[in-house]
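Subject: Structure handover

Hello,

I am passing this structure on to you. Please look at it first; my notes on what was found follow below.

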Amino acid sequence: MVLIARPFWRAANICVFAFASLTACQKEVTEHATEVTLPTVTSQTLTLTPSYQRIQTYTGTIRAGNTTGVGFELAGKLNELQVNSGSKVKQGQILAILDTRLLEAERQEIQASLAQTQADVDLATSTLKRNQQLKKSGYVSEQLLDENHSQLSSLAAVKNRLLASQHANQLKLDKSILIAPFDGTISQRQHNLGEVVAAGSPIFTLVGNINPEAYIGIPVALADQFYAGEKVKISVQNQNFTAEIAGISAEVSSVSRTLQLRISLPKDARVINGEIAYLHQQQQIVQTGYWVPISALTDGIRGIWNLYIIANDEQQSVIERRDVEILYTTQDMAYIQGAIKPNEIYVSQGLHKLVVGQAVSPIAAATR
């Protein structure tokens with residue numbers, strides 16, 4: 001009997017130990033199951049702002065202070081072209097020459113006429129002097145002396161006319177040589193050697209090397225925000241300049257319906273005629289709204305954007321979706337308005353982990 005009882009009590013002890021262990025494990029699992037861990041989200045507070053500043057950009061073109069179509073004042077045939085497109089020229093440098101053979105022949109003719117007239121003047125002067133001597137002896141009448149004076153005056157007038165013709169001929173010869181009016185670069189050549197060009201027809205387009213200017217159109221409504229002498233920010237390609245408004249147009253362009261600003265760039269600005277220039281002007285826009293990070297916004301329907309608001313519901317923080325409109329954006333911030341109120345808490349990042357109605361644990365972050 002003793003041998004049979006010992007195994008029985010050993011088995012009973014094992015069963016009691018196993019039951020106690022199972023009960024303890026079940027209690028631990030139940031305790032863990034009742035603990036809820038909420039996801040944490042980064043949040044910020046909405047602050048109402050009465051206005052915002054934005055950078056408005058206007059476009060225009062670069063023009064050299066002097067851009068001129070240079071040509072001859074006279075018609076003629078091009079005899080020489082001493083420069084071409086892209087040539088750098090100095091003020092007073094010869095650019096082109098017309099054929100002057102007809103003018104040379106005219107000059108020789110005028111010189112011959114002058115020589116003949118001068119000979120007639122010398123003869124008339126001698127005759128007058130001789131007749132004046134004879135008049136003292138009574139051999140010459142007063143009428144003959146008057147005729148001598150008249151002849152001498154007429155010859156003097158002819159000489160003056162020939163001298164004027166000689167001067168005009170010399171001017172034509174001088175103007176048959178095309179001279180650079182200022183330092184610059186030949187941007188274009190319009191005629192070829194041997195062509196007969198009309199008076200005033202441009203042979204070259206000369207772009208000055210100094211005083212570059214930007215011509216930029218602005219809306220008429222903003223005209224009172226600019227004034228002559230104001231410093232403005234201009235960018236051309238990757239260059240940024242502080243320039244000065246040199247003048248404001250007095251009429252609206254019939255094409256662009258804008259008012260044109262003439263802006264003087266620094267003299268050492270390395271810009272090219274015709275380049276695009278940008279005027280960057282900061283403006284104060286009076287419109288209430290809220291600044292939020294772009295990361296706090298998500299796409300909505302029909303072009304509407306959404307902002308996730310953290311609202312309190314039965315002592316829990318839950319996610320609500322609000323429709324908002326973007327008024328202005330910078331590189332990482334957006335200025336918005338919509339179905340939101342001041343001091344509401346919103347989720348600033350990590351929106352892809354959230355759904356509407358989800359309970360969360362907000363963590364405050366620094367606000368703008």
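Predicted model: local features only at pLDDT ≥ 70, side-chain atom pairs only at ≥ 80, totals over all residues.

Strands β2 and β15 pair in the antiparallel sense, over 13 bridges.

The open sheet

A sheet of 4 strands is open and has the order β7-β6-β4-β9, with antiparallel pairing. Its edge strands are β7 (177-179) and β9 (196-197), each of which pairs on one side only. Strand β6 (residues 94-98) runs antiparallel to β7, and 3 bridges join them. In this pairing, A96 stands opposite L178 in β7.

The nonpolar cores

The largest nonpolar core has 21 residues, and I216, I234, I263 and L279 touch the most other members. At least two residues of this core come from each of β2 (48-63), β11 (213-218), β12 (231-236), β13, β14 and β15 (276-293). Another core lies apart from it and has 16 residues, among them V70, L95, L98 and L206.

Leaving aside neighbours within four places in sequence, I263 is in contact with P212, E213, A214, I216, V232, I234, A243, E244, I245 and A246.

Two single residues

S317 is found in strand β18 (residues 316-329). Its relative accessible area is 15%, so S317 counts as buried, the cut-off being under 20%. Not counting residues up to four places away in sequence, S317 touches I310, A311, N312, Q358, A359, V360 and P362.

R257 sits in the loop between β13 (239-252) and β14 (259-264). With a relative accessible area of 54%, R257 is exposed, because that term applies to values over 50%. Which residues does R257 contact, leaving aside its neighbours within four places in sequence? They are V220 and V252. R257 and G217 are 40 residues apart along the chain, and their C-alpha atoms are separated by 8.5 Å.

Regards

Methods:
Residues numbered from 1 in each chain as written. Heavy atoms only, no water. Buried < 20%, exposed > 50% of the residue type's maximum accessible area, 1.4 Å probe, protein only. Contact = heavy atoms within 4.5 Å. Pairing = 2+ DSSP bridges. Core = buried A, V, L, I, M, F, W, Y, C linked by side-chain atoms within 4.5 Å.
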